[in-house]
Amino acid sequence: MRTAIYPGSFDPVTLGHLDIIKRAAKQFDKLIVCVMVNSDKHGLFTPEERVELIRRTTRSIPNVEVDMSAELLSDYAKRRRATMVVKGLRAVSDFEKECQMALINRKLNPNLDTMFLPARQNFTYLSSSVVKEMARYQVSLSGFVPKEIAEDVQARMNDFLSDK
Ligand code: ADP
């Protein structure tokens, strides 16, 4: 069984992430989309909520599992018997950081390699931060996040703004 992991913050999942998920899922028996929990970073959504949003948008892809972890990625991969990490690359600026991470992960876990998928051209500008910025200014999120979650993302941003 060939298992790959697609790790990230996914705060929230975007159409760019979803495109990588669909393409990667075709290449493996199982793809685990894993929300990596970083205690230093406070997100718009809790890790549990991010998992739920990803589950909602990937329900129709049978070999995708959604999980969260606070472990080191190389340890998590070992535990889940995954041999590949999947990463999406938007620009050269992503490459430098991601290449360094890939080398560290392989050093820590020699059975773990990384595969890079180029972002689809119309999503190269897209990130979770861009989504949050658009939501802050009430721009329609329909071209940025999966339709199943657009309303929830806007509602959470509105709550966040009204609490301030
Ligand atoms: P973001 O930068 O949007 O906060 P994450 O930290 O959740 O994203 O990123 C998880 C992975 O998804 C990384 O490999 C990142 O390069 C990739 N990724 C993010 N946005 C896109 C996109 N629009 N197209 C392709 N890959 C993407």
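How much space lies in the largest pocket? About 1,300 Å³. Before we look inside, note that this is a predicted model, where local features need pLDDT of at least 70, side-chain atom pairs count only at pLDDT 80 or more, and totals for chains, interfaces and linings use all residues. Residues are numbered from 1 along each chain as its sequence is written, and side-chain values use heavy atoms, with hydrogens and water left out.

Let's start with the overall fold. The protein has 6 helices and 5 strands (DSSP runs numbered from the N terminus: H or I of at least four residues for helices, E of at least two for strands). Along the sequence they follow the pattern β-α-β-α-β-α-β-α-β-α-α. The C-alpha trace spans about 50 × 30 × 30 Å along its principal axes.

Now back to the pocket. On a 1 Å grid over the protein atoms alone, a pocket is an open set of points where a 1.4 Å probe fits, with protein on both sides within 12 Å along at least five of seven lines; lining residues have an atom within 4 Å of a point. Its volume is the space filled by probe spheres set on the points, which are joined across faces, edges and corners. The lining has 45 residues, and Pro7, Gly8, Ser9, Phe10 and Lys41 lie nearest the centre. Helix 4 gives the most, with 6 residues. The lining divides into 17 nonpolar, 16 polar and 12 charged residues (Ala, Val, Leu, Ile, Met, Phe, Trp, Tyr, Cys and Pro are nonpolar, Asp, Glu, Lys and Arg charged, the others, Gly among them, polar).

Phe10 sits in the loop between strand 1 and helix 1, and its phi is near 50°, a positive value in a residue other than glycine. Pro12 is also placed in the loop between strand 1 and helix 1, and a cis peptide bond joins Asp11 and Pro12, with omega about 0°. Most residues other than glycine have a negative phi, and most peptide bonds are trans.
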